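User: I have a model open and want to learn how to read it. Please show me the structure, then take me through its features.

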Amino acid sequence: MGPIWARVTVIGAAVVVLAALIALYVGNLVTEPPTVSATPAAAHEVQLKLKTEPAVGPQGANAPWVSYLVQNPEGKWIHSTIYQVPANSLVHVTVYQFDSDSGLRNPFLSQVQGTVGNTMTVDGKTMQAIPPEEASHTFAAPQMGLIVPLRGVPEEAENPCEEGPCSLKQAHETITFTIRTGKPGRYRWQCFVPCAAGFLAGFGGPMQTIGYMDGFLEVV
Ligand SMILES: [Cu+2]
């Protein structure tokens, strides 16, 4: 093989490797976690069980990142933030909150809005708001007018979970609320608490990555 062909071969190989790397990068950007269905409870009613963990651990690609998880109808916890729920139905949501507070910068978001009755329960007690500084995360879907602030586990709590999978035997807050879905569509939801430890202003990394602090409600 002459020197020109050797050069062409090297350049060709380099182009192939580069194209593969670009494909991998774009693939990672557009890859979504699996869609997890809520669990049927009654006619036009489903149960959606979520949890938040201060670090997702081996369940996620970024072990130190704060994350939501969802329980599938078989009772298994899945690292995803894309939930499928039926249209024109009641969705009974339970969130097991294992993370401590980061605080909300906008106190407006510490009021419950858009749930049935505009209330939630926190450890069995009905509430309409929490002190903004006690918020650990929010479950908010602006398109649906939904905001639910999640109270953090107190600093002094015994047996806190530091890395997932967190067990219900560890310190947590239990938050419940019900939402009424309307017409089918893909509704974005997200956390509004700057909870991304170690990122600029707390808004990088898990705060802008589907599968951690952002996701979709697939209303079908
Ligand atoms: Cu958060």
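Analyst: Start with burial. A residue is buried if 20 or more other C-beta atoms lie within 10 Å of its own, exposed if 12 or fewer, and partly exposed in between; C-beta atoms are placed from the backbone. Helices (H or I, at least four residues) and strands (E, at least two) are DSSP runs, numbered from the N terminus. Now apply both to strand 4, residues 67–71: four of its five residues are buried, and the strand is mostly covered. This is a predicted model: local features need pLDDT of at least 70, side-chain atom pairs count only at pLDDT 80 or more, and totals for chains, interfaces and linings use all residues. Residues are numbered from 1 along each chain as its sequence is written.

User: Which strands pair with strand 4?

Analyst: Pairing first: two strands pair if DSSP finds at least two bridges between them. Strand 3 pairs with strand 4 in the antiparallel sense, over four bridges. There, K51 stands opposite L69. Strand 5 (residues 77–78) also runs antiparallel to strand 4, joined by two bridges. Here Q71 faces W77. Strands 4 and 5 form a hairpin with five residues between them, and G75 has a positive phi near 90°.

User: Is strand 11 enclosed or open?

Analyst: Count its buried residues. Strand 11 covers residues 146–151, and six of the six are buried, so it is largely enclosed by the rest of the structure.

User: What does strand 11 pair with?

Analyst: Strand 10, residues 135–141, pairs with strand 11 in the antiparallel sense over six bridges. A141 stands opposite L146.

User: Where is the cis peptide bond?

Analyst: Between G164 and P165, with omega about 0°. P165 lies in the loop between strand 11 and strand 12 (173–180).

User: Is G198 buried or exposed?

Analyst: Exposed: G198 has 10 C-beta neighbours inside 10 Å. G198 is in the loop between strand 13 (185–190) and strand 14 (214–219). Its C-alpha atom is 10.0 Å from that of P64, although the two residues are 134 apart along the chain.

User: How do I read the whole chain?

Analyst: Begin with the inventory: one helix and 14 strands. Of the 220 residues, 35% count as buried. Next, contacts: two residues are in contact if their C-beta atoms, placed from the backbone, lie within 7 Å. Among contacts with a separation of 6 or more, 69% link residues 24 or more positions apart. Domain bounds come from an automatic or database domain assignment. Here they give domain 1 (1–31) and domain 2 (33–219). The centres of the two domains, taken over C-alpha atoms, are 42 Å apart. The C-alpha trace spans about 80 × 40 × 35 Å along its principal axes.
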